[in-house]
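Please consult the sequence and the model shown below.

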Amino acid sequence: MFQAPKLTDAGKNLYYRNMAGEGIKFTTIQLGNGTISGPISAMTALVSAVVTIDAAVKNNAEQYADVSGHFSNAELEEGFYWREIGVFAADPDYPNDRSHDILYCYQNAYDTADFIPVASVETVEKNITVPIIVGDASTVSCTVQFAGAGVGGGPGGARQGRERP
């Protein structure tokens, strides 16, 4: 379905800052149904975000981390073709402001997208794991949100969370 995610320009900037010891704090994963028309490197948001889920991180090697989240279609009002996935990280200049989160990496399934129906048609739950290059996995963390998955909205929605290393 999805190829390996590609870093955006802003994601590359975070990658280099992480290599310098600043750290990366992953916040959310978004699923969307958009079709891209330009390069992934220039993207700052999904084309059409449908679902925002909280991110958890597991450092699996020196240069890689697994960013994961749980998705359920229980709150969907209509089905969608899951074409997009994006992983967001906190902007180090605004670490506690989710409205400044940065699209770290992105990928599109193009014509291999899965259709996710509403729960009344079929219950769909997925544990999503995105392996990501981070440079120095020992300086990677995530933000744990205490609300459930959000449907629609921006990178972090209006939820408030607590940082977890």
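Predicted model: local features only at pLDDT ≥ 70, side-chain atom pairs only at ≥ 80, totals over all residues.

## Strand pairing and the open sheet

Gly69 has Ile128, a residue of β10, as its bridge partner. Strands β5 and β10 run antiparallel and are joined by nine bridges.

Both strands belong to an open sheet of three strands, in the order β4-β5-β10, with antiparallel pairing. Its edge strands are β4 (56-59) and β10, each of which pairs on one side only. On average, and with direction ignored, neighbouring strands of this sheet are turned by 25° against each other.

In soluble globular proteins, nonpolar side chains tend to be buried together. The largest nonpolar core here comprises 30 residues, and Phe26, Leu31, Phe71, Phe80, Tyr104 and Ile132 have the most contacts inside it. Elements that give two or more residues to this core include the helix α1 (9-19) and the strands β5 (64-72), β8 (102-108) and β10 (125-133). The greatest contribution to this core, four residues, comes from β2.

A second, separate core has seven residues, among them Ile40, Met43, Phe88 and Tyr106.

## Contacts of Phe80

When neighbours within four places in sequence are left aside, the residues in contact with Phe80 include Leu31, Val50, Val51, Phe71, Phe115 and Ile116. Gly32, Asn33 and Asp114 are also in contact with Phe80.

## A buried polar residue

Gln30 lies in strand β2. Because its relative accessible area is 3%, Gln30 counts as buried. The side chain of Gln30 makes a polar contact with the side chain of Thr52, at 3.2 Å.

How values were computed
Residues numbered from 1 in each chain as written. Heavy atoms only, no water. Core = buried A, V, L, I, M, F, W, Y, C linked by side-chain atoms within 4.5 Å. Buried < 20%, exposed > 50% of the residue type's maximum accessible area, 1.4 Å probe, protein only. Contact = heavy atoms within 4.5 Å. Polar contact = N/O pair within 3.5 Å; in protein donor to acceptor, adjacent residues only side chain to side chain. Pairing = 2+ DSSP bridges. Axes fitted to C-alpha atoms, helices over the stretch in contact; angles between N-to-C directions.
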